[in-house]
Amino acid sequence: MTVLNGLAPIPMVDLQAQRRRLEPALSESLARVLAHGRFVLGPEVEELELRLADLTGASCVTCGNGTDALELLLWALGIGPGDAVVLPAFTFAAAAEAVVRRGATPVFADVEEASCNLSAPSARQALAWINRSALRARALIAVDLYGWPADYTGLAAVAEERGLALVADAAQSLGATLGNRPVGALAPVTATSFYPSKPLGCYGDGGAVFALDPAMAERVRLLARHGQGPGRYNHVSLGANSRLDTLQAAVLLAKLSVFEEELARRDQVARRYDTGLAGAVTLPLRPAGATPAWAQYTIRHPERERLARSLAEAGIASAVHYPRPVNLQPAYRACPSPDGVPVSRRLAETVLSLPLCPYLAPEAQDRVIAAIRANA
Ligand SMILES: *Cc1c(COP(=O)(O)O)cnc(C)c1O
């Protein structure tokens, strides 16, 4: 490790600290997989799906990654050409990508300034635009940005009013709750990701779908397993190959044993930032009735680039999630964004995510706080 003025650099996420904590159990469970050799859809995959169903109260099907999870859900919902899907402009591109891959049209709605998430009024505005177009509105995708659940009560009301599917992109929020209900059960269908830096991450790519209706989960399972079923080599539908490796399931089972405690630690870290940074920068909102998964601790500052540079000079990592609304990305410029998404544009210029993981030491965190206070 390079050392700066005698101080170790502070990364966004310290996966090695978590690994040190989980050894030797982690290596033992990987060794068990190497020994039994069922590398694809081995017993650990089924065990993980049952554990995740327990955690969320919804049926769970694992798959290759979070983007596949979103696409499999849209596929299972029968969304395709001529269909419009409303989704927030200020997020990672995966949701829009999944919509376009199904042949449907993403219609970008703006996000709410305080929560950075899609709101019911903004979804309604996008739907009004769709009504005047040749497209047929089919679904809303809510993204729980930074690990905070979106307003599922408000969005479910809009979905019900218009007969739309409500899909949760919970890639950043697994482990969070809203009104005492866990993510995975907040919308009829939910997609999540086990990308290494997510709150529950594996050592590679991985994802899962949650569905309140077990029949929906089975539909996704069929699509993700080459359209086979019942039984092998019985292809009843066009499908795809999207599976979570058994080795990754073993990693996730080991990490699940400390997940609850890690979520509490993440919240402790976030609270220390809240206190230390109050008054210096705009802090993330804590939506009422929700407990967060804190995938990111994201502040706002009008001179975000200068702040990031001074952090870098002090050996402190930071990241911008995300520097451009998705509708302004070259690949999505042709997709409609009826109101021009002014809030998303402003957020893209001011947000800055700070180092946060369950193992961030208070002393390291105080260095982050001091560096920001000195430069904000
Ligand atoms: C990470 C992420 C995804 C995609 O997950 P992958 O597993 O990387 O495909 C989708 N949506 C959001 C909001 C994400 O943060």
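A: Domain bounds here come from an automatic or database domain assignment. With that in mind, this is a predicted model, and the protein is divided into domain 1 (15-20 + 258-375) and domain 2 (22-255).

Q: How far apart are the centres of domain 1 and domain 2?

A: Taken over C-alpha atoms, the centres of the two domains are separated by 23 Å.

Q: And how many residues of each are in contact?

A: On the domain 1 side there are 43 residues, and these are in contact with 48 residues of domain 2.

Q: Which residues lie nearest the centre of the largest one?

A: Its lining is made of 15 residues, and those nearest the centre of the largest cavity are Ser 115, Tyr 146, Trp 148, Pro 284 and Leu 285. Sorted by class, the lining of the largest cavity has 10 nonpolar residues, four polar ones and one charged one.

Q: Where does the largest cavity lie relative to the domains?

A: The largest cavity lies between domain 1 and domain 2, because both of them give residues to its lining.

Q: And the second largest cavity, where does that lie?

A: The second largest cavity also has lining residues from domain 1 and from domain 2, so it lies between them. Its lining has 14 residues, with Val 13, Leu 15, Gln 18, Arg 266 and Pro 358 nearest the centre of the second largest cavity. Helix H1 (15-22) and helix H10 (259-277) each supply at least two residues of this lining, and by class the lining of the second largest cavity has seven nonpolar, two polar and five charged residues.

Q: Switching to pockets, what is the volume of the largest pocket?

A: The largest pocket has about 410 Å³ of space. Its lining has 22 residues, and the closest to the centre of the largest pocket are Phe 92, Ala 171, Ser 193, Tyr 195 and Lys 198.

Q: Which helix gives the most to that lining?

A: That is helix H4 (residues 66-76), which gives three residues to the lining of the largest pocket. Each of domain 1 and domain 2 provides at least three residues of the pocket lining, and by class the lining of the largest pocket divides into nine nonpolar, 10 polar and three charged residues.

Q: New topic, what is the strand order in the sheet of seven strands?

A: The order in this open sheet is S1-S9-S8-S5-S4-S2-S3, with mixed pairing. Strand S1 (59-63) and strand S3 (105-109) are the edge strands, each pairing on one side only, and the twist averages 25° from one strand to the next.

Q: How do S2 and S4 run, parallel or antiparallel?

A: Strand S2 (residues 83-88) and strand S4 (residues 136-143) run parallel, and four bridges join them. One example of a bridge pair is Val 85, whose partner in S4 is Ala 139.

Q: Which strands does helix H5 lie across?

A: Helix H5 (residues 94-101) lies across S2, S3, S4 and strand S5 (165-169), and it runs at about 150° to S3.

Q: What is the order in the sheet of three strands?

A: That open sheet has the order S7-S6-S10, with antiparallel pairing. Strand S7 (181-182) and strand S10 (290-291) stand at the edges with a single partner strand each, so one side of each is left without a neighbour in the sheet. Two bridges join strand S6 (residues 177-178) to S10, and Thr 177 stands opposite Thr 291 in S10.

Note on methods. Residues are numbered from 1 along each chain as its sequence is written. This is a predicted model: local features need pLDDT of at least 70, side-chain atom pairs count only at pLDDT 80 or more; totals for chains, interfaces and linings use all residues. Side-chain values use heavy atoms; hydrogens and water are left out. On a 1 Å grid over the protein atoms alone, a cavity is a set of points where a 1.4 Å probe fits but cannot get out, and a pocket is an open set with protein on both sides within 12 Å along at least five of seven lines; lining residues have an atom within 4 Å of a point. Ala, Val, Leu, Ile, Met, Phe, Trp, Tyr, Cys and Pro count as nonpolar, Asp, Glu, Lys and Arg as charged, and the others, Gly among them, as polar. Two strands pair if DSSP finds at least two bridges between them. Axes are lines fitted to C-alpha atoms, for helices over the stretch in contact, and angles run from 0 to 180 degrees between N-to-C directions. Contact means heavy atoms within 4.5 Å. Grid points are joined across faces, edges and corners, and a volume is the space filled by probe spheres set on the points.
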